[in-house]
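Please brief me on how this chain folds.

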Amino acid sequence: MSPSKPAPPSGPQTAASSAARNTDSAAAQAPPGQPADALALKAAQTQALVASMPANANKPLEHGHDNALNPPVGLTSEPASPAATGSTLSEEIPSYKTGSMAAPGINATIESLDRVRVDSSGQRLTTNQGVPISDNQNSLKAGLRGPALLEDFVLREKLTHFDHERIPERIVHARGSAAHGYFECYDAIPQLTKAAPFKEAGKITPVFVRFSTVAGERGSKDTARDVRGFAVKFYTDEGNWDLVGNNIPVFFIQDAMKFPDLVHAVKPEPHHGMPQAGSAHDTFWDFVGLMPESTHMLMWAMSDRAIPRSYRMMQGFGVHTYRLVNAAGESVFVKFHWNPVLGTHSLVWDEAVKISGADPDFHRRDLWEAIEAGAFPEWELAVQVFTEEQAEAFSFDVLDATKIVPEELVPLKPIGRMVLNRNPDNFFAETEQVAFCTAHVVPGIDFSNDPLLAGRIHSYVDTQITRLGGPNFHELPINAPIAQVHNNQRDGMHRQAIHRGRVAYEPNSLGGGCPFQAGAQAGFVTFPQKVEQDKVRGKPEKFADHYTQATLFFESQTPSEQAHIAAAFRFELSKCTVPAVRERMVASLVNASRALAKQVADGLGMALPAALPKALETPVKPEVTQSPNLSLTARPGDGSIATRKVAVLVANGVDGAAIAALQAALLAAGAVGRLVGPRIGAFTTASGETMQADASMENEPGFLFDGLVLPDGDAGVAVLAADGHTGEFIKDQYRHCKTILALGAGGSLLADNKVPDTLPSGEADPGLVFGDGEDAGPAIDAFLAALGKHRHPERETDPPSI
């Protein structure tokens, strides 16, 4: 197909037709009549479109307070035909590359990711220009022994792309894993917000979620003691909303001015680049010891929250106080909480350290395998909503990111659920290139004056520009919204959109006024908070209370959790090489909990120092002094054992019937019972049947499993008893407070390894289950029930007993 050829210029339109074939000038007046020539017709229609908008009638409405609260809808004018606003008449000529004309009012780059997925099944190898490659094994040489020739464009393209395959990693949150899913709204909440995801009951909004560690580099381990990122990109029908948070609801600092200092302090020390993915070193503790506002966050970071069992078993928080704004322009403050359906569960330190060596991808693997198995992770989104008047009356400042709003003060209101049900097709294109920015909000979501949030609004966008090579990172498929994008931004590195027309400014008349501003009813309008203060650098008085909520957190933990916090401080501070750094930090802890400080000091072999001077000696009395909801045990989940992994030890001569029954029971409950032998491969049971071990005690150590089964069968048990790995399995499972099932003769393996059958208190150990090898049914049921507890902390001793 080709466009109609312009008619030969004749009659009164001759001059107009001739003029229309030039791009550097035009007549002073448009000729009368209707041109027959296509170029002249385009010029005439463009003139008419511009003339229909003789002035910017909205210009007076840009001034004054009332107008600022109610911006008008932009002015528009309808063109006579698509040609009037087009770049070129040749857009009518299609090809396989250019396609057809742009669909009216559509940005065709905004579609599902199907448009960029690639499947190379049955396809021949080509260069990036689509040229078929005949030989991908050998470079082009002058003769079989060379030299290699510079003209080998296939080799040069392949090496050049390889040389540039890596982009700068994130400064923080470099190591991450992600998945696609959806958010489902429970009920519409128009009284609170007009935000798109919450407009109607059952509304589905696609999401992409990335979990991460903060301090480690991209190649570091998953199970480091660290804060975990929890970032959710909502692809709403009114644009992208990024809820960029962590698995801990508070942060180390109160003002973004200190963020570079914090990161520099926690990253590997610059003179030797150690330690990787850890905070147990001098520079970190030197910094936080001089920044007592960090004390509350340190309690969380030294708790079990910092070593979650799985991304699927940790909470997420928006951290900051945000605003919800409804259609009437009314605003309330809000805190966002993600609560996992599986409950909140953690690793213990010894377990985390060992896992990091055996499987540094432990959390990444867990998330991937759960989704692949159809055990889709799920979280409930809940909000804490309160007015500015309520916030003013609190004993703490809600703009302080080192503070929480206790649930006893403002209860959680569930408003929807999120399910992750699809793994990425390509880690780099999706997980690595996804760009989250706190600045990405939609109508109905707005910011508070939190000074840390203010810095993040700038910093995240700025970081993505550098990391992803320019200002067009939003056009990468994983970052592109499902809502239409139309604006006058052009050019820049890696621009993907090809805009028709010659208009790239607003207001305009050459494009019929389009794209036009949406106005107050449809567009984003910043909440008009009054600002009548001096320009100063400082903090509000309530920000000076650095210890009250640190005390609240510690006093709200179970004895086991408190012991873990003390042990974490002891371990981390023992890694410092400067005694004065330790002493200052312990002196700071005295202000939060003297008992905790005493435990830490004793563990470090030092006298308890005097309390560090406080910035605020007499803080306001807190409304809440103990909050059970701050303990991980407050959210155990539904007791399901779905996706839990159990090691079932096997060897030649074990009782196969009980193992088969156990595997069936685990699978029926959604758990995985892996047969682990001295080696992988076939083993013969006592009755002569064959079973295949898909893991060995060498390649899958015991600490990677959530439970352990010791089989019956004298011959098999004897083989296992002679293998030193068996004792390591038992020791780690017992020390990490896991559930152990011993069937028949398997019980002797516990005795051989000096495992007591009672707790340190003298009571029966609920995590040790013994069963009859011939009738294993009751023992299997008891094992599954105990496995649902995840861990039996009452068994734990410090130091460990075995």
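This is a predicted model: local features need pLDDT of at least 70, side-chain atom pairs count only at pLDDT 80 or more; totals for chains, interfaces and linings use all residues.

**Briefing**

Pro 275 sits in the loop between α5 and α6. Residues are numbered from 1 along each chain as its sequence is written, and side-chain values use heavy atoms, with hydrogens and water left out. Helices (H or I, at least four residues) and strands (E, at least two) are DSSP runs, numbered from the N terminus.

**Annotated region**

- UniProt lists residues 126-514 as "domain: Catalase core", in an unreviewed entry.
- UniProt positions are given in the numbering used here, feature names are shortened, and annotations may be inferred rather than shown by experiment.
- Over residues 126-514 the chain is 22% helix and 19% strand.
- The end C-alpha atoms of residues 126-514 are 41 Å apart.

**Backbone spots**

- Pro 507 lies in the loop between α12 (451-467) and α13 (548-555).
- His 173 is not a glycine, yet has a positive phi of about 65°.
- His 173 is placed in the loop between α4 (153-163) and β1 (176-185).

**Helix packing**

- Two packed helices are described by the angle between their axes and the distance between the axes.
- Axes are lines fitted to C-alpha atoms, for helices over the stretch in contact, and angles run from 0 to 180 degrees between N-to-C directions.
- Contact means heavy atoms within 4.5 Å.
- For residue classes, Ala, Val, Leu, Ile, Met, Phe, Trp, Tyr, Cys and Pro count as nonpolar, Asp, Glu, Lys and Arg as charged, and the others, Gly among them, as polar.
- Angles under 35 degrees count as roughly parallel, over 145 as roughly antiparallel, 65 to 115 as roughly perpendicular and the rest as oblique.
- A crossing is left-handed if the near helix is turned anticlockwise from the far one by less than a right angle, and right-handed if clockwise.

*α5 with α6*

- The axes of α5 (residues 259-266) and α6 (residues 282-289) come within 7 Å and cross at roughly 145°.
- From α5, Asp 261, Leu 262, Ala 265 and Val 266 meet Thr 283, Phe 284 and Phe 287 of α6.
- This contact of α5 with α6 has 5 nonpolar, 1 polar and 1 charged residues.

*α14 with α16*

- The axes of α14 (residues 559-574) and α16 (residues 594-603) come within 9 Å and cross at roughly 40°.
- That angle makes α14 oblique to α16.
- The crossing of α14 and α16 is right-handed.
- Ile 565, Ala 566, Phe 569, Arg 570 and Leu 573 of α14 meet Leu 596, Gln 599, Val 600 and Gly 603 of α16.
- The contact of α14 with α16 divides into 6 nonpolar, 2 polar and 1 charged residues.

*α17 with α21*

- α17 (residues 656-668) and α21 (residues 777-787) pack at about 40°, with axes 10 Å apart.
- α17 and α21 are therefore oblique to each other.
- Their crossing, α17 with α21, is right-handed.
- α17 contributes Ala 658, Ala 661, Leu 662, Ala 665 and Leu 666, while α21 contributes Ile 780, Phe 783, Leu 784 and Leu 787.
- The contact of α17 with α21 has 9 nonpolar residues, with no polar and no charged ones.

**Antiparallel strand pairs**

- Two strands pair if DSSP finds at least two bridges between them.
- β7 (residues 331-340) and β8 (residues 378-386) run antiparallel, joined by 8 bridges.
- Pro 340 has Trp 379 of β8 as its bridge partner.
- β8 also pairs antiparallel with β9 (residues 413-422), over 6 bridges.
- In β9, Trp 379 is bridged to Met 418, and Glu 378 to Val 419.
- β1 and β9 pair in the antiparallel sense over 6 bridges.
- Gly 181 has Leu 420 of β9 as its bridge partner.

**Parallel sheet**

- An open sheet of 6 strands runs in the order β15-β12-β11-β16-β17-β18, with parallel pairing.
- Its edge strands are β15 (695-696) and β18 (768-771), each pairing on one side only.
- β17 (residues 739-743) and β18 pair in the parallel sense over 4 bridges.
- Ala 742 has Phe 770 of β18 as its bridge partner.
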